[in-house]
Amino acid sequence: MPVTTIGTTHVHVDAEGFLTDYDEWDEQLGAELAARIGIQMTEAHWTAIRFLRTDYPEQGETATLRRVSTLADIPIKELFALFPKKPAKKMAYIAGLPKPRGCV
Amino acid sequence: MVEMRRLLVLGGGTAGTIVANKLRRRLDRRHWQITVVDQDDVHVYQPGFLFLPFGGHRPEELVKPRRRQLAAGVELVLGEVDRVEPAANAVALADGGRLAYDYLVIATGTTPRPDQTPGMLGPEWRTSIFDFYTLDGAVALAQALREFDGGRLVVHVVDTPIKCPVAPLEFAFLAEACFRARGMRDRVELVYATPLPGAFTKPIASAELGSMLEERKISLEADFVVERIDDEAKTLVSYDEREIGFDLLVTVPLNMGADFVARSGLGDELNYVPVDKHTLLAKGYENIFAIGDAANLPTSKAGSVAHFAVEVFTENFLAHIAGKPMTGRFDGHANCFVEAGDGQALLIDFNYDTEPLPGAYPLPGLGPFGLLRPSAVNHWGKVAFRWLYWHALLPGHPIPLPAHMTMAGKHQPTTKE
């Protein structure tokens, strides 16, 4: 598993740069990951990311767009505005979680 | 007096019928009552929906009474479920009736919900907007296709997961072949719009199926998450404000589990029951299982999954009621024939951990079915399956396919997409 340096932290990532170890993440790292994909974190961004972080250990997988929208009460439209183009993938990347799998 | 226990199965579709029939043979009738609840007595062969719009079946060929698919000794109650009351081990019906249970199996599947996308159920519904996952929808679409004289046909998926996830691709392939056969392919623009980043979820299959779209000049609109349909402009509008106009829209509406699952506090955000993915036991309960499309398993919502899962579930259930640990572990095994048009089909075979790979099935090297490549044998396999479904699968007779996926006969391509 490749190791990369983000800011001053060494973290394990997969081939696409998604963190592979849940516990290597903190919010400072999240903000730096966001900056790498051109996102400046605001409180609205954090509401979504914190939901993803809390949901993941309970569910064992990354929340889908619809799950974030329903359970964190953020309209999908707003998620597209906060994390443009590919919100589910970008949220997972910033939250240090695996890319959400399309349920086959 | 002998103590009677009741296994209550909600839903008499593929999963519920196989569960009831298999367990009827294994549970002593003097001690176990098996009751199936469904809202109607119509069992539909759902894989047939795909062929209806192309005149491949008559609607009445796909329908039989549920009651006749259930073994003697299985009781069928017709009624609408209002809610499950887990604390009381009872199910309340909408007509006021109550059914107590010792063990509950939720097998109420998943349903297309056109009401969940603004503009879908407007005046264009069944005029220029169609679904094909219902008998009515597929029949209506057959007529619309016959009358279609050219223009832009958009095949569209609202969101995943959906029942039979390859069906919209198959529809696109069959439509393309159909227009070619009718000599009007040059008058039809075909678009495949999906919320996925490619044609399918898993990389190797997505690349193969994606290139099949390209070969057929079906353009792929990926990462398209629909927000609403502007029915006056006949346009799909996405959350990121992309627009796709259509003359004929064949959509797969949002799929959701039954509403009573949500009312009972047993569902996730799409009304699917969270279960242990290896035992199918509902999380937080010791006597409630969910099988088939109703469960939140991270695999395909497909009849093959229901069938393979029930194989594992049956033995587990017998251990569970005897107070023993459930040692069987369902692996998410799914296989699906994928119609390619022109009398050809692909077969894909996969599970939680292994994506669809090329190879042969079920016998390594011999097949007769080829994995992830089109062949006529695969197509005939799909056609023959309808007989197997009614006469072997639903009655719960052994089918010589292992429940667990095997790597034998599969090979990993050296270069990935």
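**Chain B at a glance**

B:Ala205 counts as buried, because 26 C-beta neighbours sit inside 10 Å of it. Keep in mind that this is a predicted model.

**Around B:Ala205**
- B:Ala205 has its place in helix H5 of chain B, which covers residues 203-215.
- Leaving out residues up to four places away in sequence, B:Ala205 touches B:Phe200, B:Ile348, B:Glu355, B:Pro356 and B:Leu372.
- How far apart are B:Ala205 and B:Pro358 in sequence and in space? They are separated by 153 residues along the chain, yet their C-alpha atoms are 8.8 Å apart.

**Overall build of chain B**
- Chain B has eight helices and 24 strands.
- Its radius of gyration is 22 Å, close to the 22 Å that the globule rule gives for 417 residues, so chain B is as compact as a globular protein of that length.
- Taken along the principal axes, the C-alpha atoms of chain B fill a box of roughly 75 × 50 × 40 Å.
- Of the 417 residues in chain B, 47% count as buried.
- Looking at contacts in chain B with a separation of 6 or more, 66% come from residues 24 or more positions apart.

**Helix H8, the one with a kink**
- Helix H8 of chain B (residues 376-393) has a kink of about 40°, and the kink is centred on B:Trp387.
- Which residues of H8(B) are buried? B:Asn378, B:His379, B:Lys382 and B:Leu393 are.
- The buried residues of H8(B) pack against two kinds of element in chain B: helices H1 (14-26) and H7 (303-321), and strands E21 (334-341), E22 (344-350) and E24 (367-371).

**A three-stranded sheet**
- Strands E6, E7 and E8 of chain B make an open sheet in the order E6-E7-E8, with antiparallel pairing.
- E6 (81-85) and E8 (98-100) of chain B are at the edges with a single partner strand each, so one side of each has no neighbour in the sheet.
- On average, neighbouring strands of this sheet are turned by 20° against each other, ignoring direction.
- E7 (residues 90-93) and E8 of chain B run antiparallel and are joined by three bridges.
- B:Val91 stands opposite B:Leu99 in E8(B).

**Where chain B meets chain A**
- On the chain B side, 18 residues are in contact with 15 residues of chain A.
- By class, the side of chain B that touches chain A has eight nonpolar, six charged and four polar residues.

Terms used
Residues are numbered from 1 along each chain as its sequence is written. Chains are lettered from A and ligands numbered from 1 in the order in which they are written. This is a predicted model: local features need pLDDT of at least 70, side-chain atom pairs count only at pLDDT 80 or more; totals for chains, interfaces and linings use all residues. Helices (H or I, at least four residues) and strands (E, at least two) are DSSP runs, numbered from the N terminus. The radius of gyration is taken over C-alpha atoms; the globule rule is 2.2 Å times the number of residues to the power 0.38. A residue is buried if 20 or more other C-beta atoms lie within 10 Å of its own, exposed if 12 or fewer, and partly exposed in between; C-beta atoms are placed from the backbone. Two residues are in contact if their C-beta atoms, placed from the backbone, lie within 7 Å. Ala, Val, Leu, Ile, Met, Phe, Trp, Tyr, Cys and Pro count as nonpolar, Asp, Glu, Lys and Arg as charged, and the others, Gly among them, as polar. The bend at a residue is the angle between axes fitted to the seven residues ending there and the seven starting there. Two strands pair if DSSP finds at least two bridges between them. Axes are lines fitted to C-alpha atoms, for helices over the stretch in contact, and angles run from 0 to 180 degrees between N-to-C directions.
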